[in-house]
Amino acid sequence: MADQDAQTPVGIEPPALSVLRWDEPPGGPAVVLLDQTRLPAEEAELVCADVPALVRAIRMLAVRGAPLLGIAGGYGVALAAARGEDVDQAAELLGQARPTAVNLGYGARRVAREYRAAVGSGLVPEAAAVVALAEARALHQEDAAASGRMAQYGLELLAELLPGRGGYRLLTHCNTGALVSGGEGTAFAVVLRAHRGGSLRQLWVDETRPLLQGARLTAYEAGRHGMPFSLLTDNAAGSLFAAGEVDAVIIGADRIAADGSVANKVGSYPLAVLAKYHHVPFLVVAPTTTVDLETVDGTSIVVEQRSATEVTEFTSQPGAPAGGGGGGRAVAPPGTQAYNPAFDITPSELVTAIVTEEGVISPVTGVGLAELCARSSQV
Ligand code: MRU
């Protein structure tokens, strides 16, 4: 059980979270996930022994966040290969499980490509499956390394943008820590490095309606690390800016289009507008695997629309079937329609900088983004 009162004192590191791992029990291989729908109440594992189980886990947000979805997609294809199943079909199914985070399809296609190449070079399917698993593991490790480099670049950027501060007061939205990554995350990894270096004065955590990734997951991660943090309702951000309590906004991304438009958790765009009005830097931290140069602009990004019940009920089970099947408590009259996009799009002119493992671009331009991606072997 997760103990919410047991925060780690500053200077003592909590054990690393086991968010996603490959397992080979006697019954056959499996992708084992930390079930994020059950946090913070319970640290429970979810065993996905085949691709349909992993697709269900992705749709219900047991595994989520762009970089981790890429890793899950990669291991999912390795799982299909190990089971002797159709690898291309598995990559297709996994890639389509959720539409917005570009990493998901990237991870699945990358591992499928390696499997095909191995078969093409004459390996038997069993040996090609070993190659596929090695590629999924490589993707996992690359993401962990990217996380560390983003943390360093992000911290340097904060020092440059906010000189002479005794400590930073940072506002974040959704969840961008170890729960979305092979390493310590994207935006949250920057915050964590600031915290470890003694330069985090306050982390403001948006609760992130409707599925409460901020309240359930970011507060959980911030608490584990003993950070100074407070949770706020999404609607309270405006008055927090007006009170001068925010030095910078720092978020992740699910897809960055070729023109620098950023798709991230719904509620990110209003924060960018607030940041612009209040002259506060708005920073996006994401690996280059989240940049999609084939999507020309923000309007071309497919935004996932989710179930109305996520808005009309309070539920601890994201993706629960309509009609309260997830045990949610209704907060609207029966039959109420809802608008429930999972993400929104922030245009590049509202983004002060994009931090990647290859460096920082500011101002954010399509040319700058293309040059940065050319330096990365991953895109
Ligand atoms: O719907 P989710 O929980 O998968 O959304 C995740 C987010 O929007 C994150 O902020 C984003 O993936 C960045 S994570 C590095």
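This is a predicted model: local features need pLDDT of at least 70, side-chain atom pairs count only at pLDDT 80 or more; totals for chains, interfaces and linings use all residues.

Visitor: In which helix is the place of Q213?

Guide: Helices are DSSP runs of H or I with at least four residues, strands are runs of E with at least two, and both are numbered from the N terminus. By that scheme, Q213 belongs to residues 213–224, which form helix 7.

Visitor: Which residues does UniProt list for "binding site"?

Guide: UniProt positions follow the numbering used here, feature names are shortened, and annotations may be inferred rather than shown by experiment. The entry is unreviewed, and its list consists of R64, G65, A66, R98, Q213, N264 and K265.

Visitor: Is N264 buried or exposed?

Guide: N264 is found in strand 9. Because 30 other C-beta atoms lie within 10 Å, N264 is buried.

Visitor: Which residue does the UniProt annotation "active site" cover?

Guide: The residue in question lies in the loop between strand 7 (248–251) and strand 8 (255–257). Leaving aside neighbours within four places in sequence, D254 is in contact (C-beta atoms, placed from the backbone, within 7 Å) with A66, T100, A101, A263, N264, T290 and F343. In the unreviewed entry, the "active site" annotation covers D254.

Visitor: Which residues come nearest to the ligand?

Guide: A residue is near a molecule if its C-beta atom, placed from the backbone, lies within 6 Å of it. Helix 2 (66–82) and strand 9 (262–265) are the elements that give two or more residues to the shell around the ligand. Of the 17 residues there, those that come nearest are R64, A66, C174, G252 and K265.

Visitor: At roughly what angle do the axes of helix 4 and helix 5 cross?

Guide: Two packed helices are described by the angle and the distance between their axes. Here axes are lines fitted to C-alpha atoms over the stretch in contact, and angles run from 0 to 180 degrees between N-to-C directions. The axes of helix 4 (residues 102–120) and helix 5 (residues 125–161) come within 8 Å and cross at roughly 145°.

Conventions
Residues are numbered from 1 along each chain as its sequence is written. Two residues are in contact if their C-beta atoms, placed from the backbone, lie within 7 Å. A residue is buried if 20 or more other C-beta atoms lie within 10 Å of its own, exposed if 12 or fewer, and partly exposed in between; C-beta atoms are placed from the backbone.
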